[in-house]
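Here is a short briefing to read beside the structure. Take it one topic at a time, and find each part in the model as you go.

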Number of protein chains: 2
Amino acid sequence: MTNPTAAMLVIGDEILSGRTRDSNMHHLARELTAHGIRLAEARMVADEHAGIIDALNDLRGRFDHVFTSGGIGPTHDDITADAVAAAFGVPIDIRADARALLEAHYQRTGLELNAARLRMARIPNGASLIDNPVSAAPGFTLGNVHVLAGVPAIFQAMLSSVLPSLTGGDALLSQAVDVHRGEGEIAGPLGELAARYPALGFGSYPWIRDGAHGTQIVVRGTDGALLDAAMVELMTLLDKR
Amino acid sequence: MTNPTAAMLVIGDEILSGRTRDSNMHHLARELTAHGIRLAEARMVADEHAGIIDALNDLRGRFDHVFTSGGIGPTHDDITADAVAAAFGVPIDIRADARALLEAHYQRTGLELNAARLRMARIPNGASLIDNPVSAAPGFTLGNVHVLAGVPAIFQAMLSSVLPSLTGGDALLSQAVDVHRGEGEIAGPLGELAARYPALGFGSYPWIRDGAHGTQIVVRGTDGALLDAAMVELMTLLDKR
């Protein structure tokens with residue numbers, strides 16, 4: 001596949017302890033797929049400086065884009081911006097443009113822009129800001145790393161302002177069919193079909209519903225005509241058995 | 001923390017394309033926490049042989065346990081067992097004990113144990129089997145890697161048979177309090193409190209509900225008395241403001 005690739009880095013103890021269920025990864029996966037960018041890996045790490053840096057440096061070297069979520073708020077456990085600066089080896093400090101955004105927001109809401117909130121204006125040198133229409137504190141893009149908030153409503157708003165600026169590939173198309181047969185019954189012919197269409201991806205996902213077993217077969221690719229042809233063959237293969 | 005550590009490796013294109021929402025990671029996180037094992041990292045990778053091997057070798061070297069989910073069914077895209085064998089550098093073939101489990105199951109259900117289904121009896125040398133009470137095809141443990149199915153009902157059943165055999169640490173306790181104040185308002189004193197209790201973890205999670213903003217504060221640790229003391233201080237701190 002020639003589509004650009006991306007990785008996600010979810011940052012936060014609360015995900016790994018099981019207290020919070022991450023939903024940003026699933027949202028990102030769907031949005032990237034629609035934009036023609038292939039999400040190739042997702043990683044969830046704790047709020048630990050060194051661990052975040054290691055993961056960032058691994059992922060940004062291997063993929064065209066890295067999206068992070070979480071850790072850019074005002075509290076002591078919000079250490080993402082500093083970790084990104086350290087990963088890139090650039091200085092980080094309160095930046096005038098980010099500070100101005102916070103000042104305007106807190107003036108509007110009548111709240112105090114105290115030292116903790118001012119931490120949210122700490123932006124690594126060379127980064128460009130990502131708009132936060134919900135609570136003003138910006139995300140940022142540095143190199144190929146896009147740093148977004150963890151709160152789902154803000155993550156989604158930030159992503160929708162970043163994504164249109166990124167070059168996507170051909171749309172990643174998929175078609176699916178559900179069959180009331182076990183995977184093991186169709187695995188042989190399905191594998192042969194997959195081997196004859198190397199440009200397409202064939203997935204097979206067993207399900208159990210109300211005690212009944214079945215399989216969802218998903219075919220993925222960027223060539224719509226090829227996908228149609230494979231689906232016709234697949235349906236014939238399933239009817240014959 | 002002296003608790004044993006674990007990582008999760010979720011294997012499957014369907015998670016990264018956004019077609020399926022993973023729920024096994026959240027279940028594992030909760031179960032491990034209750035058992036005193038700290039989930040330190042989770043990773044989601046595609047159905048690609050080399051990528052799975054690299055992730056396995058990285059994670060099994062860094063953590064006490066690795067749990068995988070997905071890719072042990074009968075179809076061409078089920079490549080986890082072979083990748084685990086390759087990661088450990090051991091041979092893999094159909095094994096008599098696993099084959100016997102499948103034979104008994106398919107005899108019971110009246111279905112054919114065909115070549116595709118027989119692939120599910122491929123077990124790396126030296127692995128011990130993990131019981132699958134739902135559909136017979138076993139998982140396995142090799143070294144510190146526990147290979148479980150992706151279907152949630154089977155993943156959960158397999159986990160509940162593996163987990164009691166693993167040495168846990170002190171229970172990972174947590175207490176939480178919700179406040180109707182923004183993070184930025186409590187961040188300063190919360191950070192000071194966290195600095196005075198280095199043996200505990202303090203998390204701060206902003207929420208938005210029906211337009212109202214608030215923060216959930218979570219304190220984690222293994223020393224119940226220390227946790228209680230910190231919570232008393234936290235409540236005092238919150239009331240005073």
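This is a predicted model: local features need pLDDT of at least 70, side-chain atom pairs count only at pLDDT 80 or more; totals for chains, interfaces and linings use all residues.

Two strands count as paired if DSSP finds at least two bridges between them.

**An open sheet in chain B**
- Three strands of chain B form an open sheet, in the order β9-β11-β10, and the pairing is antiparallel.
- The edges are β9 (173-179) and β10 (201-209) of chain B, and each pairs on one side only.
- From one strand to the next, the twist averages 20°.
- Seven bridges link β9(B) with β11(B), residues 212-221, in the antiparallel sense.
- A helix packs on this sheet: α8 of chain B, residues 183-196, touches β9, β10 and β11 of chain B.
- The direction of α8(B) makes about 170° with that of β10(B).

**A covered strand in chain B**
- Is strand β3(B) mostly covered or mostly open? β3(B), residues 65-69, is mostly covered, with five of its five residues buried.
- In a regular strand, side chains alternate between the two faces of the sheet.
- In β3(B), B:His65, B:Phe67 and B:Ser69 point one way, while B:Val66 and B:Thr68 point the other way.
- β3(B) pairs with β1(B), residues 5-11, in the parallel sense over five bridges. Here B:Ala6 stands opposite B:His65.
- β3(B) also runs parallel to β8(B), residues 145-148, and four bridges join them. In this pairing B:Phe67 stands opposite B:His146.

**Where the chains meet**
- The contact takes 48 residues from chain A and 48 residues from chain B.
- Several elements of chain A each supply at least two residues to the side that touches chain B, among them α2 (24-35), β2 (38-45) and α8 (183-196).
- What kinds of residues make up the side of chain A that touches chain B? They divide into 21 nonpolar, 16 polar and eleven charged.

**The nonpolar core**
- The largest nonpolar core has 100 residues.
- Those with the most contacts inside this core are A:Leu9, A:Leu56, A:Val84, B:Leu9, B:Leu56 and B:Val84.
- Which residues does B:Leu9 contact, leaving aside its neighbours within four places in sequence? They are B:Arg43, B:Val45, B:Ala55, B:Leu56, B:Leu59, B:Val66 and B:Thr68.

**A buried glycine in chain A**
- A:Gly70 lies in the loop between β3 (65-69) and α4 (80-88) of chain A.
- Why does A:Gly70 count as buried? A residue is buried if 20 or more other C-beta atoms lie within 10 Å of its own. A:Gly70 is buried because it has 29 C-beta neighbours inside 10 Å.
- A:Gly70 and A:Ile11 are 59 residues apart along the chain, yet 5.3 Å separates their C-alpha atoms.
- Not counting residues up to four places away in sequence, A:Gly70 touches A:Val10, A:Ile11, A:Gly12, A:Thr80 and A:Gly150.

**Domains of chain A**
- The domain assignment gives chain A domain 1 (5-165) and domain 2 (173-240).
- The centres of domain 1 and domain 2 of chain A, taken over C-alpha atoms, are separated by 37 Å.

Technical notes
Residues are numbered from 1 along each chain as its sequence is written. Chains are lettered from A and ligands numbered from 1 in the order in which they are written. Axes are lines fitted to C-alpha atoms, for helices over the stretch in contact, and angles run from 0 to 180 degrees between N-to-C directions. Two residues are in contact if their C-beta atoms, placed from the backbone, lie within 7 Å. Ala, Val, Leu, Ile, Met, Phe, Trp, Tyr, Cys and Pro count as nonpolar, Asp, Glu, Lys and Arg as charged, and the others, Gly among them, as polar. A nonpolar core is a set of buried Ala, Val, Leu, Ile, Met, Phe, Trp, Tyr and Cys residues joined through C-beta atoms within 7 Å. A residue is buried if 20 or more other C-beta atoms lie within 10 Å of its own, exposed if 12 or fewer, and partly exposed in between; C-beta atoms are placed from the backbone. Domain bounds come from an automatic or database domain assignment.
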